[in-house]
Amino acid sequence: MSLTLTVDGPRWRAHLRAVAETHPGLVPVAKGNGYGFTLGRLARKAAWLGVDTLAVGTYDELPHVASRFDGDLLVLTPWRPFGAALETDPSLAHRIVHTLGRTDDLTDLLDRQPDARFVLERMTSMQRHGFSARELWAAARLLHDRHPGARLEGIALHLPLEQGSHLSEVDRLMNDVVAAELPTRTVWVSHLTDAELAQLRASYADYDIRPRIGTGLWLGARDALQVTATVLDVHEVERGDAFGYRSRTAPKSGHLLVVSGGTAHGIGLEAPTGDQSIRARAATLARGGLDAVGFVRSPFSIDGKQRLFAEPPHMQASMLFLPHGPRVPEVGEQVQVRVRYTATTFDRVVVS
Amino acid sequence: MTSPGSALSVREISPEEHLAFLRTRPSASFLQTPAWGQVKAEWRRESLGWYDGGQLVGAALVLYRQLPRLKRYLAYLPEGPVIDWDTEQLSAWLTPMTAHLKKQGAFGVRMGPPVVTRRWTAAQVKEGIADPAVRRLGDLPPTERDATGARVVAQLHELGWRPQVTEGGFAAGQPQYVFQVPLVDADGAPRTEEDVLKGMNQLWRRNIKKAAKEGVEVTVGSTDADSKDDLEAFHELYVHTARRDHFTPRPLSYFRTMTDALTNEDPDRFRLWFARHDGDLVAATIAVRVGTHSWYSYGASSTEKREVRGSNAVQWAMMRDALASGAHVYDLRGITDTLDSDDSHVGLIQFKVGTGGEAVEYAGEWDLPLNRALYAAFDLYMKRR
């Protein structure tokens with residue numbers, strides 16, 4: 001009775017291999033909900049791929065991957081002198097590569113752990129974390145003068161999602177890296193298209209470019225992934241019949257379907273997609289309209305057609321309304337669910 | 001990385017002070033000498049000095065190019081200014097400069113920071129031309145990236161300067177990419193003639209040898225103001241070359257002015273070179289030197305008797321002369337950044353690459369608009385020209 005992610009294993013693994021082969025120096029990213037697969041599974045898959053480094057989002061995620069992948073662990077959230085960063089398992093200390101984005105943190109980390117391994121993050125147009133060009137130069141001087149033995153593992157760039165070409169930004173950022181005269185030739189980048197990556201590798205062939213890839217790696221072969229819920233119950237209703245937590249009434253005669261998958265899985269808790277197209281915004285408006293009259297389109301589809309929620313999703317199940325006409329599925333049948341993988345927790349992940 | 005002790009100030013200086021300052025430096029672009037201002041007589045010129053307290057610490061030649069019908073100017077500092085580019089406080093140098101230029105009626109400033117950003121060896125360039133996947137110098141990893149140059153580029157972006165892109169062929173201004181033969185080794189010790197010769201490709205060495213065997217004679221022409229015959233001989237061959245190679249020649253008067261201005265400034269600044277075979281002029285060139293930097297500036301060659309290799313002979317003579325005068329660099333000046341073997345410019349690169357040496361990328365030319373509307377109009381005019 002589960003919300004299940006079924007993975008066409010051969011296809012998925014072939015895709016993972018292909019990405020690894022076409023992206024030398026690949027650093028898989030396993031963070032958050034593990035893109036739906038769970039962090040542990042991704043850690044094992046990274047080990048299977050044979051990469052030397054796995055990136056996680058936060059220090060809290062380290063325990064989920066550390067025993068399943070025995071290479072280096074890059075933490076993407078910049079190190080701060082408080083919180084989970086200070087509570088890591090000492091036995092992992094030599095495997096963790098910290099991300100640093102502030103001069104104070106650089107000094108602080110090296111005071112605490114002189115042999116700490118780290119990358120310096122250069123702020124990009126994302127404006128999230130990282131050093132400005134001048135701060136990077138200052139950090140370089142600091143390392144040169146005060147910590148000549150520090151274990152700098154590279155520069156990190158976290159680029160925004162593509163909107164036109166990144167190359168002019170990358171060019172400027174790389175120029176700042178050259179200007180800093182840091183004792184490293186490794187650059188960790190994310191969110192470059194393959195063409196941009198190829199161009200970067202060509203003009204910076206004297207640098208070691210390490211692409212950090214999450215979505216494109218784990219979710220890049222969408223047709224190898226299938227999400228299904230189970231029909232748990234079917235009830236016939238007449239117009240006006242009351243049902244559900246809130247005792248709504250049926251708008252017309254049809255069937256109520258109880259399917260597995262609710263708020264605990266992330267069903268109905270859609271994160272904004274960030275899609276800025278007119279069409280997407282119109283769709284959002286339309287969904288809001290349905291909401292107002294009590295009908296929200298659900299991510300569950302039966303025989304290829306998306307069905308409406310009969311009421312807001314429950315914690316582990318959802319109620320759908322199926323008007324008279326279409327085929328009524330039977331209890332135990334599987335129905336398709338369209339989800340955002342990074343926001344969904346599956347009960348089961350079945351990899352063939 | 002140094003920074004000025006106190007606030008720097010900028011004011012006009014005399015050409016004499018300007019020249020005296022340049023003499024305290026190992027070298028500067030010849031386009032930054034007071035004499036070059038005289039060559040570009042159609043523009044108003046000004047010598048600028050940077051003062052740290054009472055001390056002159058930087059200088060520039062500014063050429064004011066007037067907008068049609070308006071008393072507003074583009075202030076142009078070709079391959080300059082001559083300041084401490086190895087600083088993280090570039091604004092301390094540039095801000096007082098731009099304030100001064102604005103007061104002088106400039107609507108925008110254009111300059112070419114004389115800082116190197118990347119270098120490629122001749123061997124790499126050669127491989128790049130042979131590799132169809134490589135179309136531009138930038139597609140090749142350089143042998144050297146210059147951190148000082150990178151810091152200048154980063155700071156210019158930060159300060160609102162705009163790089164003038166040089167897509168494909170030659171830019172309108174000074175070339176961003178040049179080809180240079182280093183005349184000193186990595187430790188700064190002078191190279192020997194044998195060493196420089198060994199760095200050339202086989203074809204160059206063979207051609208130099210052949211010229212000698214054919215009896216090509218290389219001489220230095222006279223730049224005496226009273227005897228203009230040599231300059232006329234150069235110019236005649238240069239006009240011939242221009243007709244053959246389809247470029248517009250400059251008039252003899254331009255070279256007269258150049259000869260007089262540069263020679264008056266320093267007798268070693270300017271040199272005319274001739275290669276003759278049985279009395280026939282087969283090649284002629286102009287070499288320019290400022291301190292330790294020696295340039296091959298203009299060249300001309302005959303269509304007849306190409307087989308005696310006068311061009312190679314005269315180049316080799318200029319290189320030897322540069323070596324003898326203690327120069328650190330022999331500069332063959334502009335190349336395009338194209339390494340596409342189908343591009344018509346690639347032949348020029350191949351000729352220069354044969355000398356050994358390296359392709360050098362400078363920071364390029366940068367503009368700072370001071371009056372946005374006038375600058376935008378000027379920019380549009382330049383693009384449509």
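In which order do the 9 strands of the open sheet of chain B follow one another? The order is β7-β6-β15-β9-β14-β13-β12-β11-β10, and the pairing is mixed, where two strands pair if DSSP finds at least two bridges between them. Because β7 (144-145) and β10 (217-220) of chain B stand at the edges with a single partner strand each, one side of each has no neighbour in the sheet. Strand β10(B) runs antiparallel to β11 (residues 270-277) of chain B, to which 4 bridges join it, and T219(B) has F274(B) in β11(B) as its bridge partner.

This is a predicted model, in which local features need pLDDT of at least 70 and side-chain atom pairs count only at pLDDT 80 or more, while totals for chains, interfaces and linings use all residues. Residues are numbered from 1 along each chain as its sequence is written, and side-chain values use heavy atoms, with hydrogens and water left out.

Chain B as a whole has 12 helices and 16 strands, which are DSSP runs (helices H or I, at least four residues; strands E, at least two) numbered from the N terminus. Its C-alpha atoms fill a box of roughly 60 × 55 × 45 Å along the principal axes.

Terms used:
Chains lettered and ligands numbered in written order.
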